[in-house]
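Please report on the cavities of this structure, one of its pockets, and a few selected elements. Keep it brief.

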Amino acid sequence: MTAPVAREKPASFQDLILRLQAYWAAQGCAILQPYDMEVGAGTLHPATVLRALGPKDWRAAYVQPSRRPADARYGENPNRLGHYYQYQVILKPNPADLQDLYLNSLYEIGIDPTVHDIRFVEDDWENPTVGAWGLGWEVWCDGMEVSQYTYFQQVGGLDVFPVSGELTYGLERLAMYVFGVDNVYNLPFNDPASQTPLSYGDVFLQNEIEQSAFNFELADVEMLQTWFSGCEKQSTALREAGKPLPAYDYALKASHVFNLIDARGAISPTERQAFIARVRDLARGAAEKWAEQEAERAAV
Amino acid sequence: MAELLLELFSEEIPARMQAKAEADLRDALTKGLGEAGVEFGDVVARSGPRRLMVAISGLPEKSADVSEEKKGPKTDAPEKAIEGFLRGAGLSSIDQAEVRSDPKKGDFYVAVREIPGRPLEDIIAGLVPEIVRGFHWPKSMRWGRGELRWVRPLQRILCVFNGKTVEFEIDGLKSGNETEGHRVHGRGPFKVSSYAEYKETLQEKGFVAIAREDRRLLIEEQAQMVCAQAGLELVEDKGLLEEVTGLAEWPVVILGEMDPAFLSLPPEVVQLSMRTHQKYFAVRDPKTGELAPNFVVVANIEASDGGKAIAAGNSRVLSARLDDARFFWEQDKATPLEKMAEKLATIDFKKELGTIADKVERVAALARELAPKVGADPDMAERAARLAKADLVSGMVGEFPELQGVMGRYYALEQGLAPIDPHSRATSPAGGGRSADADGVPSSPVDGGGARQGGGGLLSGLAEDNVRKIADAIGDHYKPQGPSDAVPTEPVAIAVALADKLDTLVGFWAIDEKPTGSKDPFALRRAALGVVRIVLENGVRLRLAPMIVAQYELELFAIEQQKYNKQFDAASKAEADSDLSGLIEMVTDNSMSIVDEIIFGSDAKLQAWSHSKDLLAFFADRLKQYLRDQGARHDLIDAVFALGEDDLVLIVKRVEALAAFLETEDGANLLAGYKRAANILKAEEKKDGAAVEGDVDASLFEQEEERALHTAIETAVSRADAALEAEDFEAAMAALAELRGPVDAFFDGVTVNADDEKLRANRLRLLTSIRAALFCVADFSKIAG
């Protein structure tokens with residue numbers, strides 16, 4: 001085997017995304033579009049969390065906008081955003097050469113392994129909200145965490161079989177690294193040589209500013225609390241009606257509403273724990289129901 | 001002789017697990033061979049980010065033949081017995097058994113089974129899959145559609161014996177004779193047929209340094225070199241060195257640079273940020289001894305640009321990290337410690353023992369109490385205790401829990417030494433003594449903050465060196481954090497450190513959460529050993545028992561308070577739900593009377609004493625451990641403990657004096673005399689079925705030796721008592737040493753077991769007075785020899 005060779009750098013943020021899309025499409029992944037709900041992480045897309053359950057093979061990749069209200073910084077912090085993108089890949093069962101496939105994806109976006117120091121550093125992923133955990137690594141490139149790499153072991157509190165390999169790329173961070181940019185808002189969103197060059201800031205800065213004000217100052221906590229109860233009720237009813245997919249949607253909604261309430265600092269630590277437990281019950285409940293039904297469908 | 005080479009090649013193994021796994025694999029393999037009756041020569045074990053390897057030389061090609069014997073019945077045994085024997089031994093006819101003779105038993109049958117040796121390949125092919133399947137990792141996983149568990153997916157099994165592959169399969173993975181090298185520099189795969197070839201191939205073609213020791217040395221030397229070349233000095237860090245040794249197959253050390261502006265952060269913050277998040281070594285300027293704006297990173301590649309991109313990339317990441325740290329630093333500094341301390345009321349210390357704010361209250365009271373005993377000003381101790389935990393809610397400690405105390409110290413200095421308005425400076429007391437308003441220390445930080453001029457609270461109006469004392473106490477009160485950590489030496493810090501640890505220990509004892517066996521999740525042994533070390537290394541004179549009992553009452557109050565709060569919450573909720581007015585009063589009355597009873601009732605006192613006895617015994621064990629490590633005799637510690645002494649400093653003095661005394665001829669002889677007296681007493685008390693009691697009657701003496709001994713004991717005891725009063729244990733021992741002659745003379749010339757019963761009883765009583773006399777310095781019955 002000869003030493004791996006990297007491609008030339010992509011021209012822009014979107015070019016980087018397109019390369020990942022093309023690369024994972026070539027590995028047989030279904031290229032999905034982002035899920036149409038607010039989620040805190042790409043993993044929560046049902047294409048990952050629910051598809052990791054049950055006996056059927058699955059391969060998918062997609063960009064997922066992630067909303068983390070408490071991380072918003074009014075567009076003033078060069079590294080932190082309340083809304084950002086993750087690139088998510090799931091391969092079930094994980095192929096034996098998944099590490100190589102992953103490394104090749106980095107070479108695809110112009111990271112030269114003969115110049116950069118790429119490492120797999122122990123980091124076991126856990127998401128108590130959906131009762132999921134797995135073993136894997138943070139992938140470091142010159143000391144920067146560019147991806148999370150996980151072999152799922154449990155989802156919804158259930159052992160998974162077969163095991164999925166899950167890759168999460170923090171797209172902005174990865175792009176900042178590839179382009180050598182210190183401020184996320186300076187990333188070239190499209191080709192800087194194009195007729196209308198747009199930076200990441202041109203696209204998202206105003207959004208960060210206004211959303212921050214919403215998250216920290218303007219969100220109507222009382223209304224959100226009512227919403228939360230509504231989502232909880234709806235999710236529970238759907239699950240009981242044997243419809244785990246919409247039940248899961250409403251668990252996601254509840255989760256986001258909770259994140260908004262939390263960002264307003266409106267709850268005490270004890271209440272906070274109680275909210276988290278309620279979201280977890282909804283998400284797990286839906287996941288368990290889904291797993292149960294998938295197994296039944298596979299058995300037919 | 002043949003050689004076995006086994007390599008288990010996987011995806012990246014967590015650094016912290018490698019060394020143990022290396023040893024475990026070696027042990028499992030040698031144990032398995034041993035159990036198969038195989039002898040072997042040298043064993044080499046290696047581990048790294050992607051592999052575990054064991055090579056064993058000096059192996060035979062087949063295990064030794066074994067003949068196994070099974071004894072049967074006598075030749076004249078009934079047929080049934082013989083049939084049973086044949087069945088059991090797997091023989092078809094009794095002719096296959098041998099007949100042996102025994103002079104006692106006569107002739108009997110023996111079944112001899114010759115087990116031929118097995119080829120080593122077979123043994124290995126059976127053993128390795130068994131080891132792999134049963135291998136213990138701290139955390140293991142499955143992958144793909146497989147059933148096997150390993151730390152991360154297992155990619156290759158190299159298993160070569162005597163130059164040839166040992167064929168087997170584990171969960172679909174076939175053994176082979178190929179290994180893999182560094183992903184970029186020389187991946188391979190490479191065929192190997194021996195350990196020597198394996199090692200050389202990986203080193204030369206595979207760019208993998210297989211031995212941990214080699215990698216460790218390589219990193220250390222390179223790191224010192226790159227620093228020296230830049231006129232700098234590496235800050236050694238053994239733990240980090242071990243970790244990075246497990247993170248690189250081909251370590252290449254690179255010196256990076258950072259923005260010097262970050263050095264305005266506390267050095268602990270910079271260093272910890274580098275270490276925890278980035279696994280960088282810090283670098284210092286040898287001229288000033290302070291951190292330099294550089295770092296050392298260990299890469300896993302010889303980069304084609306000489307490491308420029310790696311250095312630049314790491315530097316950028318570090319900047320982002322330190323930016324975060326600076327944000328916390330600035331934000332925390334803007335919040336007075338008292339304000340932070342208020343938030344402690346929302347964090348549980350331990351559910352049953354209340355919040356950290358509750359703990360702070362108890363610690364503050366105890367620190368105040370302890371202060372005079374350690375030479376600290378009680379108000380200073382209380383102030384320091386009230387601020388000691390505040391940094392737990394700071395942003396920086398949230399990010400780096402290891403910096404608890406350290407940050408509190410910095411924040412106290414920033415806050416207490418900040419330039420203040422000249423008017424308040426003029427009214428503040430000058431000099432290093434007590435502050436003028438110290439007596440008016442507020443009962444809670446909340447009141448204090450508002451009442452004080454400038455809102456400086458507990459740190460306001462203090463002279464600079466008092467601010468420093470409080471700050472240092474905050475920084476040092478967690479010490480010692482391990483056997484190699486220093487103990488606090490400044491009186492205020494001593495008071496707070498002792499109070500914090502005692503409160504924790506008493507609290508956990510009160511809720512019966514004591515360490516058991518190897519389980520000590522709250523590090524209570526460390527806390528107790530900490531108390532022992534602080535007390536002894538500072539010569540603090542302190543009686544532990546009363547302290548413990550007093551603190552125990554506070555803990556009980558806290559525990560009841562928690563229960564009460566819970567009931568109260570439940571009652572409020574019930575009332576809100578269904579308008580059950582009156583319920584709250586009922587619960588309240590009820591609970592408060594329980595509190596009263598527990599705290600002031602005599603049962604509680606009893607309970608407190610019994611708990612404190614148990615906790616004292618726990619301290620005794622830690623003290624023994626500490627003294628044993630210092631070389632003191634175990635039995636002497638027991639002998640002194642039996643006196644019921646709870647002042648650790650005095651215990652140590654007594655043990656030392658006793659050890660010195662027993663080294664002398666008088667001491668050794670007196671001990672022999674004591675043992676003789678004790679033995680006689682034991683025998684006679686057993687014979688009589690009653691203990692020897694009562695005073696010696698001088699009128700019953702018949703012999704001069706009796707009288708002499710009696711007088712000697714009286715003199716010795718009164719002199720020893722006087723010496724003990726003055727805590728002069730050497731003198732007390734010397735006084736008792738005077739007994740040696742009279743004791744020896746007594747045993748030489750006097751028959752204890754006289755025919756006259758009165759005489760005998762009196763002489764026995766004389767023996768008990770020897771025992772009693774010696775008991776004032778130690779329980780001699782516990783002394784060995």
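## Terms and basis

A cavity is a set of points, on a 1 Å grid over the protein atoms alone, where a 1.4 Å probe fits but cannot get out. A pocket is an open set with protein on both sides within 12 Å along at least five of seven lines. Lining residues have an atom within 4 Å of a point. Grid points are joined across faces, edges and corners, and a volume is the space filled by probe spheres set on the points.

This is a predicted model: local features need pLDDT of at least 70, side-chain atom pairs count only at pLDDT 80 or more, and totals for chains, interfaces and linings use all residues. Residues are numbered from 1 along each chain as its sequence is written, chains are lettered from A and ligands numbered from 1 in the order written, and side-chain values use heavy atoms, without hydrogens and water.

## Cavities

The whole structure holds 6 cavities of 30 Å³ or more. Helices (H or I, at least four residues) and strands (E, at least two) are DSSP runs, numbered from the N terminus.

The second largest cavity has a volume of about 110 Å³. It is lined by 14 residues; nearest its centre are A:Arg119, A:Trp140, B:Gln278, B:Val297 and B:Val298. E4 of chain A and strand E16 (291-299) of chain B each supply at least two lining residues.

## The second largest pocket

This pocket has a volume of about 590 Å³. Of its 23 lining residues, B:Lys389, B:Gln404, B:Tyr478, B:Asp500 and B:Thr504 lie nearest the centre. H17(B) provides the largest share of the lining, 4 residues.

## Helix H18 of chain B

The expected span of a helix is 1.5 Å times one less than its number of residues. For the 15 residues of H18(B) that gives 21 Å, and the end C-alpha atoms are 21 Å apart, which agrees. Several residues of H18(B) are buried (under 20% relative accessible area; exposed is over 50%, partly exposed in between; 1.4 Å probe, protein chains only). Among them are B:Leu524, B:Gly530 and B:Arg533. Just after H18(B), B:Gly539 takes a positive phi of about 60°.

## Cysteines

A:Cys231 is buried, at 8% relative accessible area. B:Cys776 also counts as buried, at 19%.
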